[in-house]
Amino acid sequence: MSCVAIVHCESYDQALVDAAVEEACLLGGMPEVTGKSILLKPNILSDAKEDRCITTHSQVVRSVVRLLKGKGAKRILIGDSPGLQKPSFLPKASGIHRVCLEEGVDWVDFTKQPTLTTIPYTRGKKLPLASILGEVDMVFSLPKFKTHQLMYTTGAVKNLFGLVPNLYKSPCHVQFPSREQFASLMVGIAAVVKPSFSLMDGIIGMEGPGPANGRPRHMGLLLASCDALALDYAQAQIMGYEPKSIPIIAEGLRRSLGSAPTLYPKLNAGDLVQHDFLRIEMQKQTRFFHSLIIPFVLSRYIRWKVKRERKAPVFLSDPCILCRKCIDICPANALTMQHKRIIIDPSVCIRCYCCHEVCPASAIAVDEEINS
Ligand code: SF4
Ligand code: SF4
């Protein structure tokens, strides 16, 4: 049975969030945590200020910490690893570092001696994962309710990609260029991590060109479940997607990572569908892409097909602040700076949109249409 608790929470007022988090966790079947060490994995992405709605809100993280302390957790740690993380990174802008200090919990640096791990469903791909996974009893995924330009939605399963330290992430797009291949990688990582519980901050989510450049949308919701995939299924439904058309959900169902929700103890996702939500337009899947063996064999064909079907990002010179973050993260070396402008080589670009995710100035447009 996959129970997803969806509860109302209208604002980030701490008392409201505390009460809603407790209700969601109780109804969502949060496991016994007494005496356990628990890693909390919020979505920090690029550690932006909370009003941009890119990161899991610090008040939500704080409420989870307080709840776990009250339930007798032995040790609580918080960590994430944004793509351009420096060794000394602390999530100060998002307020999550302040939560660590004020609540007396440890911030974990995922870049320290990560453990090379074979990821299932990827034909033997090995990736470094945060070594803290071997030291804690439980992982809680704390995603943000957001769209995602590449994967349509980002949720409890995709959030676990942050356990791959910083710049090890973006090169994965070279090896897993199609959405379906990338979904296999995300599901494989989740199968290794086995999150014990997930709680999604959907109080103010993001619509449009997420996960970093969309626009905030008040949803007034928290979602919680022991089944990360079921939680993502409910999120996709609320956004107005057919959940099984989301590659990570389709692949997760196929691999029995989780299931569609079978029980909504409070609010039902079907009653919360936002028909005017700004979604990323779904690209047609072909029968070719439904075969998950052939794509790995015909990788050159896949790359050609991805380039043909997805548009390369467009760089806008006016808002650009020349920070070079896009150049630093681009796994294909498709970008250069010339005469104070970012220049893209579309023949080299693999359409992963990592540049779009890290741009702090909304200076990169991805011209895949948005549905409303
Ligand atoms: S230019 Fe952007 S979309 Fe193209 S490969 Fe580089 S990071 Fe990916
Ligand atoms: S990340 Fe954005 S602001 Fe920074 S150089 Fe690239 S386009 Fe310009």
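**Salt bridges, domains and a ligand shell**

A network of salt bridges joins Asp18, Arg62, Arg66, Lys69, Glu102 and Glu103. The model is a predicted one. Side chains of opposite charge can pair when their charged atoms come close. Under the rule applied here, the structure has 14 salt bridges.

Three further pairs can be followed one by one. The side chain of Glu207 forms a salt bridge with that of Arg215, at 2.9 Å from N to O. Glu207 counts as buried because its relative accessibility is 4%, and the limit for buried is under 20%. Arg215 has a relative accessible area of 48% and is therefore partly exposed, since that class lies between 20% and 50%.

Glu251, at 4% relative accessibility, is buried, whereas Arg255, with a relative accessible area of 28%, is partly exposed.

Arg217 and Asp276 make another side-chain salt bridge, with an N to O distance of 2.7 Å. This pair connects distant parts of the chain, the two residues being 59 residues apart. Arg217 belongs to strand E11 (residues 215-225), while Asp276 sits in the loop between helix H7 (247-254) and strand E12 (279-280). With a relative accessible area of 12%, Arg217 is buried.

The next level is the division into domains. Domain 1 covers residues 5-280 and domain 2 covers residues 291-371. Their centres, taken over C-alpha atoms, are 24 Å apart. Where the domains meet, 36 residues of domain 1 are in contact with 27 residues of domain 2. The size of an interface is often given as the accessible area lost when the parts come together. For domain 1 and domain 2 the buried area is about 2600 Å², with 61% of it on carbon and sulfur atoms. On the domain 1 side, Leu84, Gln149 and Asn213 supply 22% of the area buried against domain 2, more than any other three residues. How many salt bridges cross this interface? The rule finds zero between domain 1 and domain 2.

Finally, there is ligand 1. The residues around ligand 1 include Cys330, Cys349, Cys352 and Cys355. Pro313, Pro331, Ala332, Leu335, Ile344, Ile350, Arg351 and Tyr353 also surround ligand 1. By class, this shell has eleven nonpolar residues, no polar residues and one charged residue.

Methods: Residues numbered from 1 in each chain as written. Chains lettered and ligands numbered in written order. Predicted model: local features only at pLDDT ≥ 70, side-chain atom pairs only at ≥ 80, totals over all residues. Heavy atoms only, no water. Near = heavy atom within 4 Å. Nonpolar A, V, L, I, M, F, W, Y, C, P; charged D, E, K, R; others polar. Salt bridge = Lys/Arg side-chain N within 4 Å of Asp/Glu carboxyl O. Buried < 20%, exposed > 50% of the residue type's maximum accessible area, 1.4 Å probe, protein only. Helix = DSSP H or I, 4+ residues; strand = E, 2+ residues; numbered from the N terminus. Domains from an automatic or database assignment. Contact = heavy atoms within 4.5 Å. Buried area = accessible area lost by both parts, 1.4 Å probe.
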